[in-house]
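Welcome! Take a moment to look over the structure below, and then we can walk through it together.

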Amino acid sequence: MNIAKKMFRIIETMLMIFCYISKGIEWLYNRLLGNAGTSQIPLSVNYHFTRQCNYSCKFCFHTAKTSHVLPIKEVKRGLKLLSDAGMRKINFSGGEPFLYPKLLGEMVRFCKEELDLESVTIVSNGSKVNESWMLEYGYWLDILAVSCDSFRDETNHKIGRRGENKGITHLQSLKRVRDLCSEHGVRFKLNTVVNRYNFDEDMVEEIQSLKPCRWKVFQCLAIEAENIGPGALRQVEEFLITDEEWTHFLDRHSSVRELVPESNEMMRNSYLILDEYMRFLDNTGGSKVPSKSILDVGVEHALNKAGFDEAMFFNRGGRYKWSKEEGPLDW
């Protein structure tokens with residue numbers, strides 16, 4: 001990178017910091033005055049563009065209630081609206097995003113090449129990631145996260161983290177994706193849901209061997225009408241753990257530098273979740289209440305119905321070095 005580009009990056013970063021500080025002062029000022037409905041910046045958005053999945057994880061809290069997927073033209077329009085509103089990071093999730101490889105690739109490319117977002121990431125179960133996709137689209141992808149809840153095949157089977165994949169186990173897929181990320185310059189990340197069947201597992205050696213850039217560890221979460229209660233496609237009760245069991249898991253893995261823990265309290269309202277219709281989902285009441293679509297009412301109006309806890313987003317480390325161009329992560 002030449003000097004001019006470096007200077008541009010420095011100036012751009014300083015302007016962004018100034019913007020965040022200004023928004024923070026505005027947020028604090030309005031809170032002190034008791035003003036409601038103030039505008040927020042959708043800095044980081046999680047777009048669950050499909051609910052379909054080839055796995056059957058029994059604690060899943062974003063289940064296959066519809067098969068709806070927006071056409072690419074509408075997706076791009078929505079992503080442009082979010083970018084214009086201040087989005088700097090997009091995460092594509094599901095369901096399983098790699099069930100739609102062409103659409104996923106086009107969204108990744110569009111967000112980096114045309115919207116110039118700082119970070120484009122994907123969360124996947126890893127089973128459908130392949131060399132040809134990485135060759136075509138890996139250049140524009142910053143981070144690929146793979147969900148892995150256990151390093152024991154029998155535990156993954158109990159959880160339901162498996163599917164029809166020509167005899168390849170989830171752990172084999174995980175290691176294959178790690179290698180593909182290394183070959184194509186994409187940061188590799190791990191996500192783990194701590195639940196009844198893995199809270200006593202010691203994963204230190206395996207995590208350190210895989211060398212993820214981040215290891216996000218989530219306490220198993222119940223969401224009304226998704227994985228608990230009437231109308232839910234999953235029933236999560238048998239997987240829930242106590243706060244004490246959650247703490248024991250974290251203590252056992254405290255030596256893992258890349259560990260980023262998120263309890264139920266930290267998770268519940270600190271993510272901007274956009275569903276398959278591009279509606280923000282408000283989880284403040286324990287269930288996912290959708291806003292109107294940003295395609296119909298715009299980002300600001302929909303965002304006011306998202307129940308987003310911006311302070312908790314920053315408190316849980318939601319803003320980090322999320323671009324592969326920023327160099328090694330700092331902890």
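## Around Leu79

Apart from neighbours within four places in sequence, Leu79 has contacts (heavy atoms within 4.5 Å) with Tyr47, Met87, Ile90, Phe92, Phe110, Cys111, Leu115 and Met278. This is a predicted model, in which local features need pLDDT of at least 70 and side-chain atom pairs count only at pLDDT 80 or more, while totals for chains, interfaces and linings use all residues. Residues are numbered from 1 along each chain as its sequence is written, and side-chain values use heavy atoms, with hydrogens and water left out.

## A helix and a strand

Helices (H or I, at least four residues) and strands (E, at least two) are DSSP runs, numbered from the N terminus. The chain has 12 helices and 10 strands, and 53% of its 331 residues count as buried.

Let's look at helix α2 (residues 72-84). Which residues of α2 are buried? They are Val75, Gly78, Leu79, Leu82 and Ser83. Seen down the axis of α2, these buried residues fall within an arc of 140 degrees, so they line one face of the helix; the arc is that of the directions from the helix axis to the C-beta atoms. An α-helix has 3.6 residues a turn, so residues three or four places apart point the same way. On the other side of α2, Lys73 and Asp84 are exposed. After α2 comes Gly86, with a positive phi near 115 degrees.

Strand β1 (residues 44-48) is mostly covered, with 5 of its 5 residues buried. Ser44, Asn46 and His48 lie on one side of β1, and Val45 and Tyr47 on the other. β1 pairs with strand β2 (residues 89-93) in the parallel sense over 5 bridges, where pairing asks that DSSP find at least two bridges between the strands. Opposite Ser44 stands Lys89 in β2.

## Cysteines and a serine

A disulfide is a pair of cysteine sulfur atoms within 2.5 Å, and a search of the whole structure finds 0 of them.

Cys57 is buried, at 10% relative accessible area, whereas Cys60 is partly exposed at 23%.

Finally, is Ser263 buried or exposed? Ser263 counts as buried because its relative accessibility is 16%. Ser263 sits in the loop between β7 (259-262) and α9 (264-268). Beyond neighbours within four places in sequence, Ser263 is in contact with Gln219 and Trp246. Ser263 and Phe218 are 45 residues apart in sequence, with their C-alpha atoms 6.1 Å apart in space.

Definitions and conventions
Buried < 20%, exposed > 50% of the residue type's maximum accessible area, 1.4 Å probe, protein only.
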